[in-house]
Amino acid sequence: MSEPKANETKKEPVLKAQHLGIIFGGLKAVDDFCLEIGESELVGLIGPNGAGKTTVFNLLTGVYQPTEGSYYLCGEKMNGKKTHQVVAAGIARTFQNIRLFKKLTVLENVKIAMNMYMHYSLASSILRLPRFWKEEADIEEKAYELLDIVHLKDKADFIAENLPYGQQRRLEIARALATGMKLLLLDEPAAGMNPTETAELLDIINVIRDKFHISVLLIEHDMSLVMKICERIQVIDYGVTIASGKPEEIANNPRVIEAYLGKDDEEVALSC
Amino acid sequence: MNVKNPKKHFIAYLINLAGVLVLFFLLMGLFKSNVLGARTAYLMGICTTACYTIVMVTSLNILVGVMGEFSLGHAGFMSVGAYASAIVTNALADAGLPTILLFVIALLVGGVASAITGVLVGIPALRLRGDYLAIVTVAFAEIIRVAFCNFEITGGGRTMSGIAKLSNFYWCFWVTVICVTIMYMFVRSRFGRTVKAIREDYIAASASGVNVTFYKVMTFTFSAFFAGVAGAMYAHYMTAMIPTIFNFNYSAEFLTEVIIGGTGSLTGSIIGAALLSALPELMRQFSTYRMLAYSIVLVLVMIFKPGGIFGTYEFSLTRILKKLLSGELFKGKKKLTDEMGGAAHE
Amino acid sequence: MQLALFIQSVINGLNQGAIYALIALGYTMVYGIIRMINFAHGDFIMVGAYTLFYTIPLMISAGMPAWLAVIVAIAVCVIVGVTVEVVAYRPVRGQGSMTALITALAMSLFLENLAMVLFGANPKSVPAIFTLPTVNFLGATLQTKYLLTFGIGAVIMILLQLFVKKTKLGKAMRAVPQDKEASTLMGIHVNKIITTTFAIGSGLAAVAALMYCSTYPRCTTDMGSMMGLKAFIAAVLGGIGSIPGAMLGGLVVGLIEIFVKVYIAPGWYEAITYGLLIIVLLVKPSGILGKNVGEKV
């Protein structure tokens, strides 16, 4: 933890999590979680099943309130904010088990995430005042742009649940993009995808970073994907960070190998 | 919906307005011409009943179909509107206001009183979902009923009579048209879209930046407002009422009509409410069997077509006109979406 | 006299509470197993009460004690309960809680209106069931039958608790709500378990009907829905899914109702009960003896 003291001009990191922790019924699901993500940086968060990765996402998006520590988005403290406030501040996410608005159209799914940028009143919607039409038209145009990025423009009028699995994952990304965030949390975006779909996803993630200059925190089990695109990787196990660094460092870290492959159950527990 | 071309929509609105006008003049012609003789007044009564039932059922459908939550206490909101408006019009009786103005005041007072109750009930209750929310709405409606049975100003448990007769069929017709239009516009706006998202997945909705609590309370209040308006229509048409009318069974009746008509389809609500409130009246000898028949139909609908008879289908006059004018030429995007929506719902 | 009134109220409250508790058991068992508010459960009591109305005179004319009619009532209620389950609830199972709730509501309306068609809207007077003496205790006149009601309620609850905890069938009942698929894999016939639950719940409703009719000797077609709602409140208050919770909740609701009626505001006692429900649901939705369950993200 190097504090940016004298250097006042240095920009605040996009995400700064300091010693985050949460206890569920006496069990520390996440403990002393520290992470900094800079602008346009892509960081991977990996760990064995049940290591607490999704809990970290839930902490960072206000689904759970951390019992310890605090986290900042571009210097702004996020503790105590509700999910929608965190999203409005600039952290968006996707879900491990896809959570789309199933019975709504693809276009509507994206438009909903832009609702916080829409301001026409109940009266203008009821009387269909010019403001209603203008905002609706603007939002529709933007929604189509985002759908274009994730290659779903031609599926705009489909009902979300009728899309194939890989496209549903991409729609979730488009919906997250629509919130206009600074930090995107992707929870196993490649889960259940075939190699072609994964390659396409990789392209999309790269396009998004180039186009929107956003930072990404990625949970993924597909190691080849993680090694390929992440600039830094943080590994957690039993809620505790056991390693962090460049992909090649992580790949050769004995503790990481141990956590994934397991040496002996007791020893692993001791080493934590 | 093609939002880039408002003009097209305005034409559609005008066509629908024309359709409503035609319906209005047909009914007016029917009643004024006295074709039905002595039964005219009776039939007008049924149509008036249908009017406030339509507003009740449509407003309940905003909760059940659009927001995906139950209210089993909608009659409670209706009673708030009915009693509040009746108290105010009683107080204004000697002010010498023209009837139409008094009626509008009554409707607004009824709506606003009910909406305020909606906020007060909604803020605590909407923290719950599903079964528990349904039970809590019953509890609130029962508390409202008990309160009206105890307050002196609402008749103290006896019939409150002598309410000014302000509404008749013609006015109720237009009030209903306006109410339904407003609710339709609400559903087809960012508000309706957001509330539907909450229905589909409230966790994903909040992760998309939607303030779930705010939109839920807002929708609940919106719905309560129209229940209050319907209550005001009821009070000033019936001119007498007793709190026990607005009981659990009355609420359940509205819910039944929503479900049979189709959750999420305002068309279904309108047709469902109109038919279900008119049919038993027209077949007087069967009136004891009415709720029995309702319940059987309801179970059958649940087993065989859980989305209700109309599903999420919405009637569109413009669509029909287009089809009539140019055959299959206009099988456009919108229809495709609707059909897919209907299919998805099943 | 103050003390006499107090004792009287306590006994009345316990009597009322025991009736609610018995009904609440039916709600809590069904909700515990399939997460559905069986709105029709209250109407099973109505069915039981009408059965008593018709069978008690037969019992008396046959020279048997009136309360034996409860056996017929139990049989009728079990048949009705199981039929409702198999015909209406089973086909919609797995279609979501909304569908289940509406179906339950529909069955409640159906039973109520069927009773209306069959028996008419006028209340029926049920003949006296127990002819037990009254006892003077500290100046209060106590009905021994009230104590009997309370005793029956307590015994049934204990038996039910033993049944659920100790027997194989009872254990299966507790397993099904945990994981339906796993239960099936363990050789538990899920549908059979659910039907059994309904049978037990409906049987208890018949007993509750007997106790209700011995206190208030009349039956109406709508007696079930409101009483059912209050019993449901009792179940929620005690912690839904919990048998001792239902008993506790029932007694609390019964006592509160009687005390509000006697001491505070007779016209408002129902409002107080509903207010209590709202507060419990908002503060601790899992009830006094229940456990909290959150949704996984």
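Start by selecting chain A, whose secondary structure comes to eleven helices and ten strands. Keep in mind throughout that this is a predicted model.

**Stop 1**

Does its radius of gyration agree with that of a compact globule, or disagree? A compact globule with 272 residues would have a radius of gyration near 19 Å, and chain A has 20 Å, so the two agree. Colour chain A by burial next, and 43% of its 272 residues count as buried. If you draw the contacts in chain A between residues at least 6 apart in sequence, 66% of them join residues at least 24 apart.

**Stop 2: where chain A meets chain B**

Now show chain B as well. Here 36 residues of chain A are in contact with 31 residues of chain B. To find the side of chain A that touches chain B, select helices H2 (83-89), H3 (106-113), H4 (122-127) and H5 (130-149) of chain A, which are the elements giving two or more residues to that side. Which of them gives the largest share? The largest share comes from H5(A), with five residues. Coloured by class, the side of chain A that touches chain B shows 16 nonpolar, eight polar and twelve charged residues.

**Stop 3: inside chain B**

The domain assignment of chain B gives domain 1, residues 1-35, and domain 2, residues 38-248. Give each domain a colour; their centres, taken over C-alpha atoms, are separated by 25 Å. Where the two touch, seven residues of domain 1 of chain B are in contact with seven residues of domain 2 of chain B. On the domain 1 side of this contact, six residues are nonpolar, one is polar and none is charged.

Next select helix H6 (residues 169-187) and helix H9 (residues 212-238) of chain B. These helices pack at an angle of about 175°, with their axes 11 Å apart. How do they run relative to each other, roughly parallel or roughly antiparallel? Angles over 145 degrees count as roughly antiparallel, and that makes H6(B) roughly antiparallel to H9(B).

Show the side chains at this contact:

- From H6(B), the contact is made by Cys172(B), Val175(B), Cys179(B), Met183(B) and Phe186(B).
- From H9(B), it is made by Phe222(B), Phe226(B), Val229(B), Met233(B) and Tyr237(B).

By class, this contact of H6(B) with H9(B) has ten nonpolar residues, no polar ones and no charged ones.

**Stop 4: where chain B meets chain C**

Bring chain C into view. The contact takes 34 residues from chain B and 34 residues from chain C. On chain B, select helices H5 (130-150), H10 (248-261) and H12 (290-304), the elements that give two or more residues to the side touching chain C. H5(B) gives the most to that side, with 14 residues. The side of chain B that touches chain C divides into 27 nonpolar, four polar and three charged residues.

**Stop 5**

Finish with chain C by itself, which has eleven helices and four strands. Its C-alpha atoms fill a box of roughly 60 × 45 × 35 Å along the principal axes. With 297 residues, a compact globule would have a radius of gyration near 19 Å, and chain C has 19 Å, which agrees. Colouring by burial, 51% of the 297 residues of chain C count as buried. Of the contacts in chain C between residues at least 6 apart in sequence, 77% join residues at least 24 apart.

Definitions and conventions:
Residues numbered from 1 in each chain as written. Chains lettered and ligands numbered in written order. Predicted model: local features only at pLDDT ≥ 70, side-chain atom pairs only at ≥ 80, totals over all residues. Domains from an automatic or database assignment. Nonpolar A, V, L, I, M, F, W, Y, C, P; charged D, E, K, R; others polar. Rg over C-alpha atoms; globule rule 2.2 N^0.38 Å. Buried ≥ 20, exposed ≤ 12 C-beta atoms within 10 Å, placed from the backbone. Axes fitted to C-alpha atoms, helices over the stretch in contact; angles between N-to-C directions. Parallel < 35°, antiparallel > 145°, perpendicular 65-115°, else oblique.
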